[in-house]
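Here is a short tour of a two-chain model, written for someone who likes to know the cut-offs behind each term. Please keep the viewer open as you read.

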Amino acid sequence: MISFALRRLLQSVLVLFVMSALVFAGVYAIGDPVAILINPQADQAEIAAATRALGLDQPLWLQYWNFIIGAFAGDLGKSFSANVPAVHLILQRMPATLELALTATVIAVAFGIPLGLVAGLKPVSWIGRTIMAGSILGFSLPTFWVGLMLIMVFSVWLGWLPPTGRGETVEVFGVPVSFLTRDGLLHLLMPALNLALFKFSLLIRLTRAGTREALSQDYVRFARAKGLSMERVVRIHVLKNIMIPIVTVTALEFGSLIAFAIVTETIFAWPGMGKLLIDSINVLDRPVIVAYLLIILLLFVFLNLVVDLAYAVLDPRVRISGHGT
Amino acid sequence: MNLALPVTRHSSPVTQVFGEFARDRIAIAALLVLALILLAAIFAPLLSPQNPYNLAELDILDSKLMPGSRAAEGFTYWLGSDEQGRDMLSAILYGLRISLSVGVLSTFVALAIGVLVGLVSAYASSWLDDIIMRLVDLQLSFPSILIALILLAVVGQGVDKIVIALVAVQWAYYARTVRGAALVEKKKEYVEAARVMAFSTRRIVLRHILPNVLPPLIVVATVQIAHAIALEATLSFLGLGMPITSPSLGLLIANGFAHLLSGRYWISFFPGVALLVTIVSINLVGDRLRDVLNPRLASHYGT
């Protein structure tokens, strides 16, 4: 187990280096880095000074080395528009995104698993078919358009929910959160629902497939033959067995929720990292873009590592077969 | 390319597949809708009451009209008009063309690249195979929207750039599938027979393995087109996709977003419905095709 964990950790570090090199090459080496990194209104002398200050007159490998050293120290440059360190800007916005993604996960799990269970237990009934049709629709609906339609119905027509922003926040351990105030909750509801839609549909499918497969297994038939009630069989035998893949997928998909939050945050003007990224792309604030990419890479590599390790703990076959594939 | 080759394995399998396909009425309805959408997109210049790109035909006095309003020129804005006085129906028909062609083009380029890389990987030395598959694993562990966003943030915008981004997010998936399928085929007797007959590797791969690997993959690609269209719409909505000169459905929706809060829902609503209907019908047709071909898929991959 320890050798597997070490090998996997090494792989993660390698991935981070490769990806950071790609991001570096993409932003600093392709095109004119001076034009990208320096205020376009600067004159000749300022450009020359800034080129030296940024170390752009040095050889590329040295530039990459300095970039990496800076990254380890948490220094990824200053934002042009806000004139504060880019990493600060992103860390400041991170709680809002995490709150949104966590709320969406809770919504998806709370509704997706029970509905998937029902659809799996009664696959041919009208209710099972309706749930599946809803899930197919949830997969097909373009998420951003659903967000617009939510705003149209609940904000413009009914006037129940505020269309944009985060509302009133309360500090918990120094981190501002929305879900503890009524105003914040109202602001949180629509974006979270919007973000949850895809995961919700995915969880319905997963749970349904798992349930149907479990029901055809010998241990379920044996439990039924032993005279246990259907309800007990479902609760104890079926649910326990389908939970492992569901938990894994939910954890693994958390990263993609954060990525998809870019869209949701843009629609609802939710002040998270995703909205910051889009705003930065629009004003060509490259240091913030680079910082966002590196932080999200770190997050993804970390999540993949955790899920792989959890898998290895749960399923010994993974560590025996080593590299996988 | 000899696509007809594998089909002739069974007795008239096209009719067989279609007969099986037609047993699901929803899938038939979806196929009809899809055909209508394709026809509408192809014949957009004939069908639409107005050329939305021709500024001379637009009347600024007709801007932001409700659906069903009459135009000064005499036709009716069945789906309303946008802030430039553009007829939404015409804009949607032209937008469909852009969305569909970008989706189809990028999917087939990705398919071609993926098939090539997958076949090379299946036949390459183990270290090259290892490198390619590590790269594929790496890419597939990130959500496609993130990869597309990173690419577009780095290379900038434009029609060619978005096609590149859509290709980049899809090829790895095909490469992995083709490699798996090719490894299964490689062990089969007909390939061994071909080897015994001293055919070159190239001939075996292109003439024997490829035709057996490709048909199920094309079904997968059908569904992928829907994903590509949805992703393009999302990127365009974020302002990172199509340029304003080529308004795809996503860009039309983004355009209407500004007017949504003032209650002018139709500028965003109808392009979204068109997008939704397109994606759902492609998904339904693709799912049904996969179900019909499933026994063959299962025998191919042993799942």
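## An exposed alanine in chain B

B:Ala198 is exposed, as 7 other C-beta atoms lie within 10 Å. For this label, C-beta atoms are placed from the backbone, and a residue is buried with 20 or more other C-beta atoms within 10 Å of its own, exposed with 12 or fewer, and partly exposed in between. B:Ala198 sits in the loop between helix H8 (189-196) and H9 of chain B. Although B:Ala198 is not a glycine, its phi is positive, at about 65 degrees.

## Ground rules and confidence

This is a predicted model, in which local features need pLDDT of at least 70 and side-chain atom pairs count only at pLDDT 80 or more, while totals for chains, interfaces and linings use all residues. Residues are numbered from 1 along each chain as its sequence is written, and chains are lettered from A and ligands numbered from 1 in the order in which they are written.

The pLDDT score is the predictor's confidence in each residue, from 0 to 100. Chain A has a mean pLDDT of 80, with 90% of its residues at 70 or more. Within chain A, confidence is lowest in helix H2 (residues 33-37), where the mean is 60, and highest in helix H5 (residues 86-121), at 90.

## Chain B as a whole

Chain B contains 11 helices and two strands. Both kinds of element are DSSP runs numbered from the N terminus: helices are H or I with at least four residues, and strands are E with at least two. Along the sequence, their pattern is α-α-α-β-β-α-α-α-α-α-α-α-α.

Of the 303 residues in chain B, 44% are buried. Two residues are in contact if their C-beta atoms, placed from the backbone, lie within 7 Å. Among the contacts in chain B between residues at least 6 apart in sequence, 69% join residues at least 24 apart.

## H9 of chain B and its two partners

Helix H4 (residues 88-123) and helix H9 (residues 201-237) of chain B have axes that come within 7 Å and cross at roughly 145 degrees. Axes here are lines fitted to C-alpha atoms, for helices over the stretch in contact, and angles run from 0 to 180 degrees between N-to-C directions. H4(B) passes H9(B) in a right-handed crossing; a crossing is right-handed if the near helix is turned clockwise from the far one by less than a right angle, and left-handed if anticlockwise. Residues that meet here include B:Leu100, B:Val104 and B:Leu111 from H4(B), and B:Val205, B:Leu217 and B:Ile225 from H9(B). The contact divides into 14 nonpolar, six polar and one charged residues. In this scheme Ala, Val, Leu, Ile, Met, Phe, Trp, Tyr, Cys and Pro count as nonpolar, Asp, Glu, Lys and Arg as charged, and the others, Gly among them, as polar.

H9(B) also packs with H10(B), at an angle of about 35 degrees and with the axes 7 Å apart. This crossing is right-handed too. B:Glu232, B:Ala233, B:Thr234, B:Ser236 and B:Phe237 in H9(B) meet B:Leu249, B:Gly250, B:Leu251, B:Ile253 and B:Ala254 in H10(B). By class, that contact has six nonpolar, three polar and one charged residues.

## Inside H10 of chain B

Helix H10 (residues 249-260) of chain B has 12 residues and reaches 16 Å from its first C-alpha to its last, close to the expected 16 Å, where the expected span is 1.5 Å times one less than the number of residues. Why is H10(B) described as largely enclosed by the rest of the structure? Nine of its 12 residues are buried. Among them are B:Leu252, B:Asn255 and B:Leu260.

## Where the chains meet

The contact between the chains takes 30 residues from chain A and 31 residues from chain B. On the chain A side, the elements that give two or more residues include helix H1 (2-29), helix H7 (143-157) and helix H10 (230-268). That side of chain A has 23 nonpolar, seven polar and no charged residues.

H7(A) has 15 residues and reaches 20 Å from first C-alpha to last, close to the 21 Å expected. Its buried residues include A:Phe144, A:Trp145 and A:Ile151. Just after H7(A), A:Gly159 takes a positive phi of about 70 degrees.

A:Ala269 is found in the loop between H10 and H11 of chain A. Its phi is positive, near 50 degrees, in a residue other than glycine. A:Ala269 counts as partly exposed because it has 13 C-beta neighbours inside 10 Å.

A:Phe222 lies in helix H9 (residues 218-225) of chain A and is exposed, with 12 other C-beta atoms within 10 Å.
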